[in-house]
Amino acid sequence: MVARDLDHLIHPLHSRKIHESAHVWVKGKGAIIVDADGKEYIDGLAGLWNVVAGHGRKELAAAAAAQMETLGYCSAYAGSSNLPAIELAEKLSQLCYPSINRFFFTSGGGEATETSIKVARSYWKLRGREQKTKVISRQWGYHGVTLAAMSATGIKSYWPLFEPRVPGFIHIPSPYPYRYEAPAGESQGVAAANELEKAILREGPGTVAMFIAEPVQGAGGVISPQGDYFQRIREICDQYEVLFVADEVITGFGRTGKWFALDHWGVEPDVIQFAKAITSGYFPFGGVGINDAIAEVFENSTSPWMHAYTYSAHPVGCAVALRNIRILEEEDFPKQAADKGEYLLKGLQAALGDHPRVGEVRGKGLMCGVEIVKDKSTKEEFAASENIGARIDKEAQQRGLFSRVRGDVYLLAPPIITTHNQLDSIVDILNDSVKAVLG
Ligand SMILES: Cc1ncc(COP(=O)(O)O)c(C=O)c1O
């Protein structure tokens, strides 16, 4: 199968060398996925952070089948709608931040980022502020890889083959509590947030449309900010009239222990984007929610908002999302994620925290990162050529744990339904794998 695949398939992050030892996944049950050799793995990243309800959920399959039999597709362009889309938008307006009550649906996270950028630019244009077009984002931020989303993404390895990037995209440092160096006497969180103010002043407030940030940076290394970071970000965005876009593609729908993650810090964004867990990955789906102030400007506009996807508000995606959200509510996923996340983090810290090469074990809700360093006292990293993260990943796979790394940070975000025994196995496997590579 892998030989046939190599002949004809191009993969995301395509690399022939990596792909020569590919798994061909054939089935899944709960937190377990099985490859074509019949070997079972714990799905340590819930697919790509999305399969929160776990594999093999018959309710989701039934919801998709029922909707496909009734109406498999219809346009949602202005002039057309469908009942699952209406119900989903209503439901999200109840679940989401109070000021966010209007939703646009996409097929995934990258399209959601594109949509947020267009929301911000069009909002300012409709208010007569034509020059406000720039987008500020952060190092280690991941917002997808369509061209504008890639330009907002702050993980540099995604850029070189595809440059030039879209002009007008600016990056500021990540708050990265483990590594950000604040001036003496200043709160690290406030200093990191003030990087945004400096960038806005450098660019000119009259040219900046929006700031986009993941509440907890996911693909960049599970980086959860300081407690005072987002409050200061909100103040800065208000002061300079910059829209604050929360990219909750990973953190939305319970992953961090709250339905939406800025709730941890009592902050509301102007725009939220989501994807992944809204359907537990069973249907490609995402979207953007806008606050009432932006909605009012759009509603008073006389010209159409010329942004559209064929699969916006896909009735099957909406039906699966609605059914999935019912699971999240009935099984109280935010609470489960908070409890199990604490359990996993404690287990990882107990097993790995004292290892001389483990710089930091961190997490928020059921997403954790284990950062390996060459020198714990200086936080010096290993040379990339030593491939420490990739080697640990390989050892973990041999022991039955499948996830991803960012450099030498091992990432974990298993399905929310993962059992405590499986969480124990994750800790044991990662501990053995780190020892196998680093002693
Ligand atoms: C925070 C965040 N935003 C956007 C995206 C892009 O989503 P997609 O891969 O569905 O385009 C991702 C994907 O991992 C993500 O983690």
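Modeller: Let us begin with a definition: helices (H or I, at least four residues) and strands (E, at least two) are DSSP runs, numbered from the N terminus. Please keep in mind that this is a predicted model. With that numbering, glycine 108 is placed in the loop between strand S4 (100-106) and helix H6 (109-126).

Colleague: Is glycine 108 buried or exposed?

Modeller: Buried means under 20% relative accessible area. Glycine 108 has 15% relative accessibility, so this residue counts as buried.

Colleague: Which residues is glycine 108 in contact with, leaving aside its neighbours within four places in sequence?

Modeller: Glycine 108 is in contact with Ala275, Phe285 and Gly286, once neighbours within four places in sequence are set aside. For glycine 108 and glycine 286, the C-alpha atoms are separated by 4.3 Å, although the two residues are 178 residues apart along the chain.

Colleague: Where does methionine 1 lie, and which contacts does this residue make beyond its neighbours within four places in sequence?

Modeller: Methionine 1 belongs to the segment before helix H1 (2-8). With those sequence neighbours left aside, methionine 1 is in contact with Val24 and Ala36. Its relative accessible area is 56%, so methionine 1 is exposed.

Colleague: How should I read strand pairing, and how many bridges join strand S1 to strand S2?

Modeller: Two strands pair if DSSP finds at least two bridges between them. Here strand S1 (residues 25-29) and strand S2 (residues 32-35) run antiparallel and are joined by four bridges. Tryptophan 25, for instance, has aspartate 35 in S2 as its bridge partner. The hairpin of S1 and S2 has two residues between the strands, and glycine 30 takes a positive phi near 60 degrees there.

Colleague: Which residue in the turn between S2 and S3 has a positive phi?

Modeller: That residue is glycine 38, with a positive phi of about 85 degrees, in a hairpin that has four residues between S2 and S3. S2 and strand S3 (residues 40-43) run antiparallel, joined by three bridges, and valine 34 has glutamate 40 in S3 as its bridge partner. S3 also pairs with strand S13 (residues 401-402), in the parallel sense and over two bridges. In that pairing, phenylalanine 402 in S13 is the bridge partner of aspartate 43.

Colleague: Let us turn to charged side chains. How many salt bridges does the count come to?

Modeller: Side chains of opposite charge can pair when their charged atoms come close. The count comes to 21 salt bridges. One of them joins glutamate 197 to arginine 232, with the closest N and O atoms 3.4 Å apart. This pair links distant parts of the chain, as glutamate 197 is in helix H8 (residues 188-203) and arginine 232 in helix H9 (residues 229-240), 35 residues apart. Glutamate 197, at 18% relative accessibility, counts as buried, and arginine 232, at 15%, counts as buried too.

Colleague: What separates arginine 232 and glutamate 235 in helix H9?

Modeller: About one helical turn separates them, because they are three residues apart in helix H9. Glutamate 235 is partly exposed, having a relative accessible area of 46%. There is also a network of salt bridges linking Arg179, Glu360, Arg362 and Glu371.

Colleague: Which residues touch the most other members of the largest nonpolar core?

Modeller: A nonpolar core gathers buried residues whose side-chain atoms lie within 4.5 Å. The largest has 98 residues, and Leu88, Phe211, Phe253 and Leu348 touch the most other members. A second, separate core of 22 residues includes Val119, Phe169, Val271 and Ile290. Beyond its neighbours within four places in sequence, leucine 348 has contacts that include Gly353, Val361, Leu412 and Leu430.

Colleague: Which residues form a nonpolar patch on the surface?

Modeller: Leu147, Leu161 and Phe162 form such a patch, and together they have about 360 Å² of accessible area. Leucine 161 is found in the loop between helix H7 (147-152) and strand S6 (169-172). Its relative accessibility is 75%, so leucine 161 counts as exposed.

Technical notes: Residues are numbered from 1 along each chain as its sequence is written. This is a predicted model: local features need pLDDT of at least 70, side-chain atom pairs count only at pLDDT 80 or more; totals for chains, interfaces and linings use all residues. Side-chain values use heavy atoms; hydrogens and water are left out. Patches are made of residues with over 30% relative accessible area and no salt bridge: like charges are joined within 9 Å, nonpolar side chains (Val, Leu, Ile, Met, Phe, Trp, Tyr) within 5 Å. Accessible areas come from the Shrake-Rupley method with a 1.4 Å probe; for residues, only the protein chains shown count as cover. A salt bridge is a side-chain nitrogen of Lys or Arg within 4 Å of a carboxyl oxygen of Asp or Glu. Buried means under 20% relative accessible area, exposed over 50%, partly exposed in between (1.4 Å probe, protein chains only). Contact means heavy atoms within 4.5 Å.
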